[in-house]
Structure formats: C-alpha cells, structure tokens
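Subject: The two-chain model

Hi there,

Here is the structure I promised to pass on. Have a look at it first, and then read on for my notes.

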Amino acid sequence: MTNFFLQALAEVGTPSVLGLIVIGVLFGIVGGSIPGFTVTMAILVVFPFTFAMDPVSGVSLMVGVFVGGYSGGIVSGVMLGIPGTPSSITTVYDGYPMAQKGEPGRALGIGVMASFLGTIISVAVLVFFGPLIASFSMNFRPWEITALIVFALTLVAGLSNGALLKGLLAAALGLLITTVGYDRNSNLRFDFGIPALGSGFEILPVMIGIFAFSQLLGNIEKLKDEGSEAKNIDTNVLIPYGRIMKDMAGQKLNTLRSALIGSLVGALPGTGGTVANFLSYDQAKKFSRHPEEFGKGTPSGIVASEASNSAVAGGAFVPTLALGIPGDLPMAIMMGVLILHGITPGPMMFEQNPVLVGAIYASLLIGAVVMVLCNLLLVRWFAKISLIPQQILVPVVLMLCAIGAYALNNNLFDIWVLFIFGIIGYLLWKAEVPLTPLILGVVLGNNLERQLFRALELNESWLTFLTRPLSALFLALAVASIIFSLYQDRKIQRSKTAAQQENL
Amino acid sequence: MLTLTKDRALALVLLIIVAVMWIESGDIRPPTSWQPYGSALFPRILLVVIGLLSLMILVRSLLIQVPERAGAKQLLKEWFQKRRVIVAIFLLFGLYAALLPVVGYIVATIGFLVASLALLMGINTRRKWVINLTLSFTLTLVIFVIFRHGLNVWLP
C-alpha cells in the first residue's frame, strides 16, 4: 500500500501536476464562491480541459476542483450572506453574523481551517475503507452488481425532494437514454433512421446539457423574480491567525464528529454536501453546551458546517472507486472523467490502477493544503469574483459547455446532443422532475444492462436474484427505500394539508 | 375541458414518447438461439416502468382538484411569453451550434457571446457595451489559444 502511494506521490509531485492542482483548486474556489454556480458546474466546465491530458494529470486537476469547490462556499457565505453552494447553507447561519459583528476574517479563517481538517479526515476514511469495501465487493457477481445498481437508483430517486414517482421516472429515463445506438450484441436500437444516433449518446454532452442548462437558466429566472441589486461589500479582510488557532483548539471533537458525518454522508448514494452540512450542524447544536449561541455567530457552527461539507469529497470517492457507483452528481461526472481516460471505476481499479488510486489520495491531500493557502491569501479576490453577475456568467459558461462537448470527439453532433438534452433537462426541471437520478441512470445504464444479462446468461432463472443472499439483501433494501420515501412523502403531504387548514 | 397542469403535461408527453419508442423497438433484431433475451428486452422493461409511472402521475394529478384555467393553447402562450429570455437563449445557442461549422469557431463564438450578453445585460449604457465586447473578444481568443496550443484540440 505504501509502495504505490509513494509512486503516486512522485507522479503527482511533478511541477506540472502540482500546477494543475493549484489551477483546479483556484477554479473550484471561484466556482464555489459564485452563488448559483455550484461545485458540479465548476467540474463540468473544467472537464473538457482534461481530454488531452494523461489520467493522473486529468484526475489531479479534477480533484483540485472538488477540494476547492467544497470550500469555496465559505467566501460568499461569510461576505455576502449567500451560500455559494447548497452545501454551505449552514455556514451562513454563523459565518455571516460573525462577519456582521466585524470579524469576517475570523469567520473565514475558521471555515477554511475546518474545511482543511474535514478534507484530511475524509481522506483517512477513504484510504481505510476504500480498499476494504473494494476487496469485499470483489466477490460480487453479476446478480449482486445488478441489485446494487437498482438499490443505488431507488435510493437516489427516493431522496430527491420528496417526489418518489418523479424520482423513479427520472432514473428510468436516464437508463433509457443509454439504450440508444448499437448495444452489446451489435444490434441497432432506436436510431430512428438517423445514422449519427447509431453510436448512441456520449455521456458527457448529455450530462452537461441536462444539468447546465436547467441550472443556468434557472438562475436567470430567479434573477428576474428577485431583481438584482448591486451589493457594495468591503473586501478588505484581515485574518487574525492567533485567534483562529485558539478557536480551532476548542473544536477538536466537533471537527472530528462533523468530518466523520460528512464522510459517511458522502459515501451514501444520493446525499452529498447539502445533507451533510445540515446533519452535522444539527448534531453540533445538540452536543453543544451553548446551543443558544448557534445562529448568532459561534465558531462551532462554522466548524460543523465546513468540516462536514469538505469531508464529503473524500467520502464520496469510497463508493465510486470501490463499487463503481457514484453517490452524487459531482461523483457521477468524476466517474465520467475516469471512464473517458479508459479507467473503469470499481473494485478492480485498486488492483489494476493502484497508482491512479494513490494519485487521487495524494491530490486530495495536496489540494487541501493548496486550498488553505489560496483561501487565506486571496480571500479579497475571491470575494470580488463572487460578485460576478449571472448575466455575464451564463453566456460564458454555455459557450464553454459547447466547446467542451465538441472537444470530446471533435464532433459537432455532440453540440446538438448538448442542445437537445439542454432543452429536455430544462423542461423536466420545470415539471419538477429531479435531475440527479436521471444523470445517475445515464452513468449506470450500460453497466446495469450488461450485468443483468450476464446474470441471466449464467442462470436463466430470474429467481436467482432472490436466492443469492447479498443480491436479495440489496433488492430488499431497494424496496425498503421506496417504502420509506413513500412514508416520507405522506408525511410531507400531511403537514402541507395541516398547514393549509391552519391558514384557512 | 380539463385544465393543463405541469404533471398532466409531463405524463401525457411521456406516454406519447413511450408509445413511439415501443413501436420503434419492434425494429430491433429479434432474439436468436445464442441471444435468447434479445436486445429489445431491456429497453422494453424500461418503457413499461416509465409508462406505469407516467400513468400513476397522470391519475394522481387528475385526483387533485385544480381551479379552472384557460385552455391549453392560451396557457402555453403565456408560458412562453413569461420566458421570452430563456427561449431566446435557447434559440441563440441553437444558432451558435448551426453556425459553428459554417463560419468557424472564432466568428461564431464572438457572435454568440456578444448577442447573449447583450440580451441578458442590456445595451443601454456605453459601459455595458465595453464590458460585453471586451469579454467576448478576449475570452474567445483565450479559449482558442488554450485549446489549440495548450491542449492540441482543433476547434472548428
């Protein structure tokens, strides 16, 4: 284990790769600090630049964006009182009040340090559990993998904002998209007489189209509803290092707990930073001796939020690398990056590409250090950049998406795929269909079909899925997750009607 | 006359798509002795799932009472009017994709950026024009240089 890690460290330690990590972190922080831009969008925009790179360089750049992105929400959260990403909503609860009390530098410093420690702890979790889960899942045969993918999809579908039917619908649509073109037996499907459809849709333009258009155009719509006002913010921030060190010294337990919550949530499919920061903030409040201080600018609140959302980065890699099943959107895209570079994430990766796995560990660690330095030294610039209006951002990002889609295969058809799925994604988003299960379906579709039929070719009875204990367990969990979210839906509906009746 | 709602529109559109794809799935090569399940089975399972879920959404949306509103045509017209800017951006993007192979990356990209920035930012002050043009020209060229010389990717 140490051997391949050292080898990976040597590869990541070259000036060019280190430079890429710095660029990635910088871009991630910028992406994370612009409200409405999100980590996912930052990753999508950077993705095309990795096409021509070797796997280690490409992956290091992307990991840098991850680490930077999850910390980037601090800047806009503290300075503007607007969470830069949904994963830093609870950072605003205490970061903004602290800044308003005249200590923005302290709030930023605490947030950055918590982010750093969160990332480091989550890497430890990844290094420990990744290979463990991978070696366990080496025993998985097609039945287990099929059942596991079904479970991951139902879980994500059920967790998406209390709309189970639409979540399942989205997942099925995502899977259906992957059936266009030649299949595993070289049979043509759904080409509608159009030759370009024969090779099917590339995952990347589909993902970018579905996600980017709905997100960016949604931002424009929100702008219209709320009206944009120019904020004047003092970006001159001093960082009181001594004070921050003292603050952090009193937060050891909180940091550890929040980072572990973040890693765990990150490792579960369908959750991610948004859930992590709420959960850990809530736990920190429950364990605190001064819960009344939460929301008024306590360091504990900032630590809980930032340590947990940054820990998601490491945790989310566990299922992606060990099982080949990404848990959330950024990871689904990360998996796309790996596949593009000819690497199939999954248990075999630890055996076949140990250096690349080590490179991911190493870039996470180096990225964390770079993130702290960048945030502390360049905070004024990030605060300024986070004020870039959406009106400028949207055209620029759309253009970058188009070029990215084209650069994938030097193929103009991919820009049309991007465009068509942009329209589809926007309309589905308008119809309140959650898009995460759809994108996960697109990423997992081919593997699901392959595994399902491999299982059936090995044993033609469908009942085998239920007689093999692990596959039966995963399917039972899938059913349980559906029942649970049905129950949740009911509860939400009931409280809605109750609220309506009270209003009457 | 039934009022059109989001859920009803979604379910109806999806049911139409399912029907079309089901018919199209008839063109897929049938199962053979060495491919006993055939290539149409997997997509057909998905089509059944999507169809059932759409039906459930449709039925559920019919059970909820909604206030009577104007006809579907009127609603769609209002929907588009409210989202004129969004529709315009989609059109600009489509135009961009169409023009890329004809006029090349540099001209098409500058055109797209100038037009969409003008649409979103407005063109009522000189300052906005300066920002618009500076950004469009520099960004287009910077991206061109990065891709062509840094990454060896040829843009159209």
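A word on terms before the notes: helices (H or I, at least four residues) and strands (E, at least two) are DSSP runs, numbered from the N terminus. This is a predicted model, in which local features need pLDDT of at least 70 and side-chain atom pairs count only at pLDDT 80 or more, while totals for chains, interfaces and linings use all residues. Residues are numbered from 1 along each chain as its sequence is written, chains are lettered from A and ligands numbered from 1 in the order in which they are written, and side-chain values use heavy atoms, with hydrogens and water left out.

**A buried asparagine**

Let me start with Asn277(A), which sits in helix α12 (residues 273-287) of chain A. Is Asn277(A) buried or exposed? Asn277(A) has a relative accessible area of 0%, so it counts as buried (buried means under 20% relative accessible area, exposed over 50%, partly exposed in between, with a 1.4 Å probe and protein chains only). A polar atom of its side chain lies 3.2 Å from the backbone oxygen of Ser87(A). Beyond residues up to four places away in sequence, Asn277(A) touches Pro86(A), Ser87(A), Ser88(A), Ile89(A), Thr90(A), Ser305(A), Ser308(A) and Asn309(A) (contact means heavy atoms within 4.5 Å).

**The nonpolar core**

The largest nonpolar core has 204 residues. Such a core is a set of buried Ala, Val, Leu, Ile, Met, Phe, Trp, Tyr and Cys residues joined through side-chain atoms within 4.5 Å. Phe317(A), Phe93(B), Tyr96(B), Tyr105(B) and Phe147(B) touch the most other members. Helix α16 (residues 354-385) of chain A gives the largest share of this core, 17 residues.

**Where the chains meet**

How many residues does each chain bring to the contact? Chain A brings 62 residues and chain B brings 59 residues. About 5500 Å² is buried between the two chains, and carbon and sulfur atoms give 82% of that area (buried area is the accessible area, with a 1.4 Å probe, that two parts lose on being put together, summed over both). There are 9 residue pairs in polar contact across this interface, both residues at pLDDT 80 or more. A polar contact is a pair of N or O atoms within 3.5 Å; within protein, one must be able to donate a hydrogen and the other to accept it, and residues adjacent in sequence count only if both atoms are side-chain atoms.

On the side of chain B that touches chain A, the elements giving two or more residues are α1 (6-24), α2 (41-63), α4 (84-103), α5 (105-121) and α6 (126-150) of chain B. The largest share of that side, 13 residues, comes from α2(B). Its residues divide into 45 nonpolar, 8 polar and 6 charged (Ala, Val, Leu, Ile, Met, Phe, Trp, Tyr, Cys and Pro count as nonpolar, Asp, Glu, Lys and Arg as charged, and the others, Gly among them, as polar).

**Salt bridges**

The count is 13 salt bridges over all chains, and 3 between chain B and chain A (a salt bridge is a side-chain nitrogen of Lys or Arg within 4 Å of a carboxyl oxygen of Asp or Glu). These are the ones that involve chain B:

- Asp7(B) and Lys166(A) meet at 2.6 Å, N to O. The pair runs from helix α1 of chain B to helix α8 (residues 164-177) of chain A, and both residues are buried.
- Lys6(B) pairs with Glu432(A), with the closest N and O atoms 3.2 Å apart. Glu432(A) lies in the loop between α18 (413-430) and α19 (436-458) of chain A. Lys6(B) is partly exposed at 46%.
- Arg83(B) pairs with Glu221(A), the closest N and O atoms being 3.5 Å apart.
- Arg60(B) also meets Asp7(B), at 3.8 Å, N to O. Arg60(B) is in helix α2 and Asp7(B) in helix α1 of chain B, so this pair ties together parts that are 53 residues apart in sequence.

Phe190(A) has a positive phi of about 45 degrees although it is not a glycine, and Phe192(A) has one of about 50 degrees. Phe190(A) lies in the loop between β2 (188-189) and α9 (203-226) of chain A. Phe190(A) is buried, at 2% relative accessibility, whereas Phe192(A) is partly exposed at 38%.

Happy browsing!
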